[in-house]
Amino acid sequence: MPESCVELIGSWASPFVLRAQIVLSMKNVGKKKFGPKSELLLKSKLVHKKVLVLIHANKPIPESLVILEYIDEVWASSGPSILSFDPYDRAMNRFWAAYIDEKMTSIIPCLAISPVKDGAEVALEQVKTGIILLEETFRERNKGNALFGGDKIGFIDIASGCLVSLIKVTQM
Ligand SMILES: N[C@@H](CCC(=O)N[C@@H](CS)C(=O)NCC(=O)O)C(=O)O
C-alpha cells in the first residue's frame, strides 16, 4: 500500500499543502500528483470540504496535521519520523501544532480579506501574540538546537514552517 500513488487536493500556494509536501519529501515518496477538488473528494463523506485532502489508495484523508501523522505512519520505515517516541514529547508537539492552527493559520484569510471593520488588524495582533508565545516555547524546548525537533525537522517545525510559503505567495 505505501507504494500507491498519492494525490494532494489543494493549491501549490497553500501552506497546508506545503506541510504534506515536506513530509512526503522526507519520506522519499516520489509518486505524487496535484489535483483540483476532485469528484472523489466532493462525493466523499468528509465532514467539511476544505483542502488539503490527501488521497492514498483511493481513500481520502482530511486535515493537514492528521495527514502528516498518516504519512509518518504509512512510510514509517523510510526517512526519519517527524514525532519523537516519547509520549510526553508527542503530546506537546500535537498541542503546539494545534495552537499554531488555532492562533495563526486559521486566521490567515482575515489578514487578506476581512468582512469585519478592522478585522485584519485584530487578526494581525492575534498572530503577533501567537508568534511571541511560540518563540518563548522554542527557547524553552530546543535545547540550543536550531529546530523545534532538535537537530532534525519535526512536527512543530513543519506545522509552523509552512507559513513561510505565504511570504512568497503574497510577494508574487
Ligand atoms: N484545518 C485545515 C484547514 C484547511 C483550510 O482552511 N483550507 C482552505 C484553503 S487554504 C479551504 O479549503 N478553504 C475552503 C475552500 O477552499 O472551500 C487543514 O489543516 O487542512
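Biologist: Is Asn93 buried or exposed, and why?

Modeller: A residue counts as buried when its relative accessible area is under 20%. In this predicted model, Asn93 has a relative accessibility of 8%, and therefore counts as buried.

Biologist: In which helix is Asn93 found?

Modeller: Asn93 belongs to helix H4, which covers residues 87-103.

Biologist: Which residues does Asn93 touch, not counting those up to four places away in sequence?

Modeller: A contact requires heavy atoms within 4.5 Å. With residues up to four places away set aside, Asn93 touches Leu83, Arg141, Phe155 and Ile156.

Biologist: What share of the chain counts as buried?

Modeller: Of its 172 residues, 40% count as buried. The accessible surface of the chain is about 10,000 Å², and carbon and sulfur atoms make up 62% of that surface.

Biologist: How many helices and strands does the chain have?

Modeller: There are eight helices and four strands. Read from the N terminus, their order is β-α-β-α-β-β-α-α-α-α-α-α.

Biologist: How do strands E3 and E4 run, and how many bridges join them?

Modeller: Strand pairing is read from the bridges between two strands. Here E3 (residues 53-56) and E4 (residues 59-62) run antiparallel and are joined by four bridges. His56 stands opposite Lys59 of E4.

Biologist: What lies between the strands of this hairpin?

Modeller: Two residues separate E3 from E4 in the hairpin, and Ala57 adopts a positive phi near 55°.

Key
Residues numbered from 1 in each chain as written. Predicted model: local features only at pLDDT ≥ 70, side-chain atom pairs only at ≥ 80, totals over all residues. Heavy atoms only, no water. Buried < 20%, exposed > 50% of the residue type's maximum accessible area, 1.4 Å probe, protein only. Areas by Shrake-Rupley, 256 points an atom, 1.4 Å probe, with all protein chains shown as cover.
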